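Dear colleague,

Please find the structure below, together with its sequence. My findings follow after it.

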Amino acid sequence: FSNLKINNLVVKNSGNDCADFSSGNYNIQKIDLTNCEDKGISIGEKSIIKIGSASIIDSKIGVAIKDSSLLEINGLNGQDNNVCIALYRKKQEFGPSFAKIEYYNCRGDEADYIQKGSELVYGNK
């Protein structure tokens, strides 16, 4: 239930998710994440998050948007991630999620995962 504004978020060598957002409104100018054991950015439980730019290097999932959450991001750069983007419903009490990415430069080992009902819109792809 947070309402946060963050200028610069830097996380390296996390043993789990590098950045985990739940049930709130978040506005972040810049994110730099490296060596995230699980997710680079995890967004869930009806969160609304706006990000200026994000760089995610070496994670299982670059950005996970779950459980009725909304992501708007101006620029996403990623490398050495298994999956760049995943949108899905994890908990039954929530619905699908939505993401809009204006500039997208990320190649994962596997394709982006978009569960039926969720939606991902690219600005430059």
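How much of the accessible surface of the protein belongs to carbon and sulfur atoms? The share is 43% of about 6,700 Å², with areas from the Shrake-Rupley method and a 1.4 Å probe.

Please note that this is a predicted model, in which local features need pLDDT of at least 70, side-chain atom pairs count only at pLDDT 80 or more, and totals for chains, interfaces and linings use all residues. Residues are numbered from 1 along each chain as its sequence is written, and side-chain values use heavy atoms, with hydrogens and water left out.

Overall fold

The protein has nine strands and zero helices; strands are DSSP runs (E) of at least two residues, and helices are runs (H or I) of at least four. Of the 125 residues, 45% are buried, meaning under 20% relative accessible area with a 1.4 Å probe, protein chains only.

Asp17

Asp17 sits in the loop between strand E1 (3–14) and strand E2 (19–22). Asp17 counts as buried because its relative accessible area is 17%. Leaving aside residues up to four places away in sequence, Asp17 touches Asp38, Lys39 and Ser42 (contact means heavy atoms within 4.5 Å). A polar atom of the Asp17 side chain lies 3.1 Å from the backbone nitrogen of Lys39. Ser42 is 25 residues from Asp17 in sequence, yet their C-alpha atoms are 6.9 Å apart.

With kind regards

Note on methods
Buried < 20%, exposed > 50% of the residue type's maximum accessible area, 1.4 Å probe, protein only. Polar contact = N/O pair within 3.5 Å; in protein donor to acceptor, adjacent residues only side chain to side chain.
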